[in-house]
Every structure is written in C-alpha cells, then in structure tokens.
Amino acid sequence: MRNFALITLIAGSIASTTPLVSYADRKHDDDHAERHSHMHKHRVLKVALWGDEFYNDDPEIKSIQIEQTIHSMNKHDLDFTLFAGDTKNGSSECTDQAIGQDTMDIFNSLDVPTLYTLGDNEWTDCHRESNGSMDPLERLAYLRTTFFSANKSQGNHPIDVARQGVLGQAYSENSRFVKSNVEFVALHIPGSNNNLVATEKQCTKKSLRDQAACDAASAEYADRNVQNIAWLTESFAQARDNNNVAIVILIQADIYFPFELSDGIYQEEFLAQLDENNGYTDFFNTLLAETHNFEGQVLLVHGDSHYFKIDKAMFNDDGTLTANFTRVEVFGSKENSWIEMTVDPSSENVFSFAPVILNQAVNQ
C-alpha cells in the first residue's frame, strides 16, 4: 500500500507540474514567433526592376547583353526581381521559342525568383505581319499554360504567389504575395491600348486583321478589364486589412504615354483623354481612388516606353501631389540596365532606387 501511495503521489506531482512546463514552452514559442514576425515584417529587401529587355537584332550582342544582365543581378544580393513584360521586341515572330523557352531560360539563370507580368510584344501585337500574323488570343492561351500553371513565381527558386482564376487559364497571370509587410501585385495591363481596338488604324496598322479579329480583341480586353479591376481592388483591400505599409503594382503599359505631366498637363490633357476609347481609363481611375484611400505607400512599376524614370505621377483635386504615390519606368529596348530597389518597411518612404548601368561590359 505504501508503494501504491508513493506512485500515486509521484504521478500527482507530475500531473500538477506539467501545465506549468507547457505554459513555459508555449510562452517561449510565442515570444520566438513574435520576434520572428517582427523581423519578417521589418526585414529590408533588395529587388531588381526590369523589363522590355534585349531588343538588339544582332544575336551575338543580344546574347552578350543577356549574359551581362544575369551576371550583374546574380552578383547583387537580391531577394527577387519584378519583370515588367515584353520579353522580345515588337517586330519579331511570336514563336514558342521566342516567347516561351527563351524567356524561361533567362528567368531560370537567375539565382532568385521573378514575378512576371505580360507585355504586348508577347501576344497583343502578334497579329502584325512582322510578328508572323499569328492569333494573339492563341498566343495568350499559350503563355498562360506555360508560365502561370502553378501558384509559384518564375525561376528555379520560386516563391509562393496567389493567382486569379484557374491555374493556367484566364487571368491566372494576375498574382500577388507579401514580403516584409509590403504587398506585391502583378496585373496584366499591356501596351497597345490594353488590347482594346478603338479605331480602324489600331485594327489594321502593320496587320492583315479583319474586323472580326479586332472585335475579338476588344471583347478580350473588356472581359480582362473587369477581372483586372477586381484584382486591383481586392489587393488594396487585403493590404489595408493586413496593415501593409506599402503596395507595389507591376504592369507593362506606360499608361501616361505620350504625356509629360508638368505645368498642368496632368489635369488638362492626361485626365481629359481618359475616355471609353482609352484602354487604361478604368485601371487609372481605380488606382487613383484606391491610392487616395490607402495610408501606405503606393508604387507603380511599368515598362513600355523604354525611358528610365522615377516621378510622382498622380495629383490631388487641388493640384497638389499625391504624396504616397510613386511611378517607376524601367529601362528597355536596346538598353539592358536595371534598377535596384531597396524596400525598407521601417522607413518613411519605404522605397529607394539605384540604377545599375550596364554598357556591354560583362564584368559589371
């Protein structure tokens, strides 16, 4: 009986102390998780911004430039890259090799993942005779199955991303993820008026398209435009719910072209031409409203016009700058330079930029 009592006493002692040990373990785990979350939200990121690259018609020079850019990016301590569309020039054929495997090879040569948004040269302009008079909608379907069939970014070391729609099908190219308390969003908004064919010139210039093909293009725009606006609105709502300090919007099109926004041009000319024939009207108006309703920083990254630029390209109704909005246009065309963006979620402006200028010197 004494032995039974001793066993009972020991068992009772163990039972009484176990919750204390579990609480201590949980407290340690909670503290560790909180520290990890704090470090994760405040970690500084290094991100490459690029797009509209490698347009040189000389295959040897193009190969050198590709090698140089990859070598340069891999030398920098990057976390990931954002590619703003156009993986080839607008006057070459839209073959599977050109818009598929060649692009994958470039992304897979980088040591870090890439968030990729589509440009007009990959599909919208493939109806041009110089592009092989191909069907743009068929090319778009090919791109979706080739690049967007998984909830992963591009590259050999991908990161998880959320995608819109069914993987590999319509709108799966729209994506987003969060790093360091900043939301990164890719939207499919290409050049060539976002595939909206509003005039006869847009229909037939450099092309053998008939009216039926142009009507199909405009119908594609209309359907995708609805989904783009939904993705943009949802992304801002998510950023607000998560108390993200900033949101990055990655597109291909230069929605401001050909306007320079100084001396009242923004209000008098740029805003005035945002009508039903402009394929970017709904996007810009939504971006404007969401930015004005967001406390954090908003960064728009795009390509298309091949002119490196950083500016404050949004204004308030009273003519003052929208302080929390910044636009960056990447290098492009025959230039293979890129922009190193520092993302510091603890800083007031969150984003800072340093151009990396390359001049066909592979040791850059």
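Me: Which conventions apply to the model and its numbering?
Reply: The model is predicted: local features need pLDDT of at least 70, side-chain atom pairs count only at pLDDT 80 or more, and totals for chains, interfaces and linings use all residues. Residues are numbered from 1 along each chain as its sequence is written, and side-chain values use heavy atoms, with hydrogens and water left out.

Me: In what order do the strands of the open sheet stand?
Reply: Strands (E, at least two residues) and helices (H or I, at least four) are DSSP runs, numbered from the N terminus. Two strands pair if DSSP finds at least two bridges between them. Here seven strands form an open sheet in the order 4-5-6-7-8-10-9, with mixed pairing. Strand 4 (162-163) and strand 9 each have a single partner strand, so one side of each is left without a neighbour in the sheet.

Me: Which bridges join strand 7 and strand 8 to their neighbours?
Reply: Strand 6 (residues 182-186) pairs with strand 7 in the parallel sense over five bridges, and Ala186 has Leu250 as its bridge partner in strand 7. Strand 7 (residues 246-250) runs parallel to strand 8, joined by five bridges; Val248 is partnered by Leu299. Five bridges also join strand 8 to strand 10 (residues 325-329), again parallel, where Glu329 is the bridge partner of His302.

Me: Which way do the side chains of strand 8 point, and are they buried or exposed?
Reply: In a regular strand the side chains alternate between the two faces of the sheet. Buried means under 20% relative accessible area, exposed over 50%, and partly exposed in between (1.4 Å probe, protein chains only). In strand 8 (residues 297-302), six of six residues are buried. Gln297, Leu299 and Val301 point one way, while Val298, Leu300 and His302 point the other.

Me: How is the packing of helix 6 and helix 8 described?
Reply: Axes are lines fitted to C-alpha atoms, for helices over the stretch in contact, and angles run from 0 to 180 degrees between N-to-C directions. Helix 6 (residues 211-241) and helix 8 (residues 281-292) pack at about 10°, with axes 10 Å apart. Helix 6 is therefore roughly parallel to helix 8 (an angle under 35 degrees). Contact means heavy atoms within 4.5 Å; among the residues that meet are Tyr221 and Phe236 in helix 6 and Phe283 and Leu287 in helix 8.

Me: Where is Asp318, and what does its side chain contact?
Reply: Asp318 is in the loop between strand 9 (309-311) and strand 10. Asp318 is exposed, with a relative accessible area of 60%.

Methods:
Angles under 35 degrees count as roughly parallel, over 145 as roughly antiparallel, 65 to 115 as roughly perpendicular and the rest as oblique.
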